[in-house]
Amino acid sequence: MEDNNYTETDMVNEVELLQEALGSGAWDMTFDQNGELVSVNWSQVFRRMIGYKDESDFPNKLSSFIDRLHEDDRERVVNLYWNAVKDYTNRTVYDTEYKFLTHNRGYRWFHAAGRVARREDGSPISIVGFFIDIDDKKKLEESLKAADEEKSEQLRILKSLADMYYSMHLINLKTGLITEYSSGGEIRPFFEKKISAAETMKLIMENVIVPQYRESAIKFTDLTTLSERMRGLKTLSSEFVGIHTGWFLANFIAIETDNDGCPTVVLFSTQVIDERKQQEHVLFLRSVTDDMTGFLNRRAYESQLEYYRKNPMPDNLVVVVFDINQLKYVNDNYGHAAGDELICGFAGIVNKMKPLEGKNGKVFRTGGDEFVGMFCLSPEEYAKGEKVFFDFIRNWNGKLVKNMAVACGRSYRLENPDLSIDELVKLADQNMYKAKSDYYKKNGLDRRHSSILLLNSFC
């Protein structure tokens, strides 16, 4: 039955309470027909988040905000804001993170996002957004990755920005009552079933999560244990892969707690982050990949060594150290283009060997002409692959350099079960230098003043 005493003021108060519970401060701005800024409104929740009382100490002006941005972020954030406003195609999104000078706690990290309402000609009518304090998470992560605090906002803004969330529900853990704010199409039917909240959550996870993440997702969303798991916590987050959504972030936020610090009411939200995860994966691959050869780089090599220092090595691990003979001589006398041809030629041959490297084969470029391979192969399997490899080397010829010579040394985990990964690498390196020395002796070359006799290659 409708409450006739429920006023607009009650709605505003309720929205502000929701904002505060979510740690989110709303703001809005309006524009005239020419796209010029007409008015700015910072909500009281927004002001309280940054330590101000009201309009007297934080005026409704854009400059109130801009002047308090950290100098490292100011130009970027201001440009992004105006680009979003002035992009009449509505393709530019205002969604960013920055350091902001608060009144009472110094600079803190915040996440802000906004959406622009437009006229038929594309000109802006208004922009409505929210502002979330992510400083604690930033400090915990201690990385350059953008902190991914849950984006939350007041009720009416939430409805207009619902597409930013796959779902958002308020769950009373005592009564089992679920209130929907927004829902992805694939999960809405589950919330309509006449079953308990705990059963609903489990049913959703069983039907929308890919098999390899299903068990952990069911455990994370188990409402029968959630209150105890969140004792003393404000939020609880995890990432999963959905059948329909790809990667998404699931987050519980404690709205009300009992005297023991256990949540009794939580906000459960999910946000699709598949595009972000793909971008992170691309950035990660770039960070561990050598641009010239496509092999893993020195950083990836050190990480692999560190992994094997802390974890058991495969019994069939083969460590191989490669070195391109006479590369320095080629660079000094024929130019770096010729040296690059040798490096790329070597990489091309190695890439042809992928089927013979085994399932977990990895090759790292550790220096200019030095490479390390780590393969999971028996000695017999490796020997077979090595023979094919050196057949390719002997038959290679380039445009700037006639032939290629490669020295290599290997060590087998099976033959040296007591050696550490560093000792296996050292042994393979010693064997490589012996092969390199034999090469120079066989061809009558002085390593310091060698002529270009790249006629044969052997290991």
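The structure is a predicted model. Two helix contacts are described, that of helix 13 with helix 14 and that of helix 12 with helix 16.

**Helix 13 with helix 14**

- Helix 13 (residues 327-334) and helix 14 (residues 336-352) have axes that come within 6 Å and cross at roughly 150°, and because angles over 145 degrees count as roughly antiparallel, helix 13 is described as roughly antiparallel to helix 14.
- On the side of helix 13 the contact is made by Leu 327, Val 330, Asn 331 and Tyr 334, and on the side of helix 14 by His 336, Ala 338, Gly 339, Leu 342 and Ile 343.
- Sorted by class, the residues of the contact of helix 13 with helix 14 comprise six nonpolar, three polar and no charged residues.

**Helix 12 with helix 16**

- The axes of helix 12 (residues 298-310) and helix 16 (residues 421-442) come within 9 Å and cross at roughly 130°, an arrangement that makes helix 12 oblique to helix 16.
- Helix 12 contributes Tyr 301, Leu 305, Tyr 308 and Arg 309 to the contact, while helix 16 contributes Ile 421, Asp 422 and Val 425.
- The residues of the contact of helix 12 with helix 16 divide into five nonpolar, no polar and two charged.

**Positive phi in residues other than glycine**

- Asn 90, although it is not a glycine, has a positive phi of about 65°; Asn 90 sits in the loop between helix 4 (74-86) and strand 3 (94-101) and is partly exposed, with a relative accessible area of 41%.
- Gln 326, another residue other than glycine, has a positive phi near 65°; Gln 326 is found in the loop between strand 11 (317-324) and helix 13, and with a relative accessible area of 3% Gln 326 is buried.

**Residues separated in sequence**

- Ala 407, which lies in strand 14 (residues 406-412), counts as buried at 0% relative accessibility, and the C-alpha atoms of Ala 407 and Asp 438 are 9.1 Å apart in space, with the two residues 31 residues apart in sequence.
- Lys 174 is placed in the loop between strand 6 (167-172) and strand 7 (178-182) and is exposed, with a relative accessible area of 69%; the C-alpha atoms of Lys 174 and Pro 263 are separated by 9.5 Å, although these residues are 89 residues apart along the chain.

Terms used:
Residues are numbered from 1 along each chain as its sequence is written. This is a predicted model: local features need pLDDT of at least 70, side-chain atom pairs count only at pLDDT 80 or more; totals for chains, interfaces and linings use all residues. Side-chain values use heavy atoms; hydrogens and water are left out. Axes are lines fitted to C-alpha atoms, for helices over the stretch in contact, and angles run from 0 to 180 degrees between N-to-C directions. Helices (H or I, at least four residues) and strands (E, at least two) are DSSP runs, numbered from the N terminus. Angles under 35 degrees count as roughly parallel, over 145 as roughly antiparallel, 65 to 115 as roughly perpendicular and the rest as oblique. Contact means heavy atoms within 4.5 Å. Ala, Val, Leu, Ile, Met, Phe, Trp, Tyr, Cys and Pro count as nonpolar, Asp, Glu, Lys and Arg as charged, and the others, Gly among them, as polar. Buried means under 20% relative accessible area, exposed over 50%, partly exposed in between (1.4 Å probe, protein chains only).
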